[in-house]
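Here's a quick briefing to read alongside the model. Have the sequence and the 3D view open as you go.

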Amino acid sequence: MPLDYNSLLLAIGFAGACLSVTMYCTWLSARSESSLLTWSCGAALIVASVFAYSAFVQTVAPLLAALNFALMMFGFAAVLAAAYQFRTVSMPAGLVLALTSAVVLGFSLLMFSGYDGAGFILYNTAAAAVLFAVAHQYWLARTEAPTPIIALSTLYSAIGISFALCAIVLIVDGSLVLGHPPAGWAENLNLAVSIAGMSGIGALSLSLNQARMARNHRREAMTDALTGLLNRRALFDRFEADPLDRFTGVLVFDLDQFKNINDRHGHGVGDEVLRRFAAVTSACLRATDTAARLGGEEFAAVLPRSTEDRARQVAERIRKELAELAIDTDQGDLHCTVSVGIAFPTAERFTFEQVLSDADKALYRAKRDGRNRIATADLRLAG
């Protein structure tokens, strides 16, 4: 085997080791991204397999070949699991482990039986199949960030094709028994594509995960942790920049006697009331509507392309569904009510802050009139 081939193997190994360490360090700064740790572990196994293959090139021994293949397949399996985690958060560890173990066992039996060529056909075919599966997982997640994820999927596919070509060449040549590591244009191409692909995959994976972390941090900063709705800051960021369209309704909700609920049943029950109200509100709104928790027991909803009648219908549905809702407590079922204020933009008052203030004034009128009711601000819509 030419020395430059073995040197390329070692170069891949060292580059992969650096990439694995980099991904691990990135995971240390964002441990919620479990796919980073899984990918780092997979890369470490692949690096170990490269060094094992380098040893096999120098000393042709079935045991070294079996060690190389086992490390590589479990490494690729971990990369597949990381891709699946990236897309779904979960990981099918049992299935991946079982399939990988079966393939490793098959390769080992072929190598120790003397059919090393057939073993390398299985080696390259299995590697290609797993890499295509990794590419497919990223392809399914492409809507999150189309350009980098499609590029990532393409790189994994390219490396998979290079492994498949190695298998095809051995099949065409009928090389079921070799007696030496396979060598030829397909193996050289596989090395070149793997080196180039690894560099691209590393850069894209890091940038993609950094972008995801940034989005997650922004989402967390804009979301109310208890209810999952937008918080006050997010609501204002979304609507305060431009004047509201005259057919945009703003609803403000305030849970009646909420302090008494906390005092009588405890803050745990109070938190459950807030969560249940948020769920009721979200279920009553369209996908184009926006709900937010303003703070405490006060909520808001913004209804674009709406009318006063529709706004009142939505408010009444929310009011009625909450009143009918029974929340289990140590002291029996708890029933809650809510008061609602509704406002629309007028010729004089059309900013989000102004309309929200008008809805808030209507809300307090509903409170003064006896609670568990809906009040509407004076509507003088801009012509």
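Let's start with a salt bridge: arginine 319 pairs with glutamate 316, and their closest N and O atoms are 2.7 Å apart. Both residues sit in helix α11, three residues apart, which is about one turn of the helix. Keep in mind that this is a predicted model.

**Salt bridges**
- Arginine 319 counts as buried because its relative accessible area is 15%, under the 20% cut-off.
- Glutamate 316, at 31% relative accessible area, is partly exposed.
- Arginine 310 bridges to aspartate 289, with 3.2 Å between the closest N and O atoms.
- Arginine 310 lies in helix α11 (residues 308-324) and aspartate 289 in the loop between α10 (267-284) and β3, so this pair ties together parts 21 residues apart in sequence.
- Both arginine 310 and aspartate 289 are buried.
- Arginine 349 and aspartate 358 also meet in a salt bridge, at 2.9 Å from N to O.
- Arginine 349 is partly exposed at 28% relative accessible area, while aspartate 358 is buried at 13%.

**The sheet**
- Six strands make an open sheet with mixed pairing, in the order β1-β3-β4-β2-β7-β8.
- β1 (230-231) and β8 (374-376) stand at the edges with a single partner strand each, so one side of each has no neighbour in the sheet.
- β3 (residues 290-295) and β4 (residues 298-303) pair antiparallel over five bridges, and alanine 291 has alanine 301 in β4 as its bridge partner.

**Surface**
- Tyr115, Leu176 and Val177 form a nonpolar surface patch, with about 300 Å² of accessible area together.
- Valine 177 is exposed, at 54% relative accessibility, and lies in the loop between α6 (146-173) and α7 (185-222).

Conventions. Residues numbered from 1 in each chain as written. Predicted model: local features only at pLDDT ≥ 70, side-chain atom pairs only at ≥ 80, totals over all residues. Heavy atoms only, no water. Patch = residues over 30% accessible without salt bridge, like charges linked within 9 Å, V, L, I, M, F, W, Y side chains within 5 Å. Areas by Shrake-Rupley, 256 points an atom, 1.4 Å probe, with all protein chains shown as cover. Salt bridge = Lys/Arg side-chain N within 4 Å of Asp/Glu carboxyl O. Helix = DSSP H or I, 4+ residues; strand = E, 2+ residues; numbered from the N terminus. Buried < 20%, exposed > 50% of the residue type's maximum accessible area, 1.4 Å probe, protein only. Pairing = 2+ DSSP bridges.
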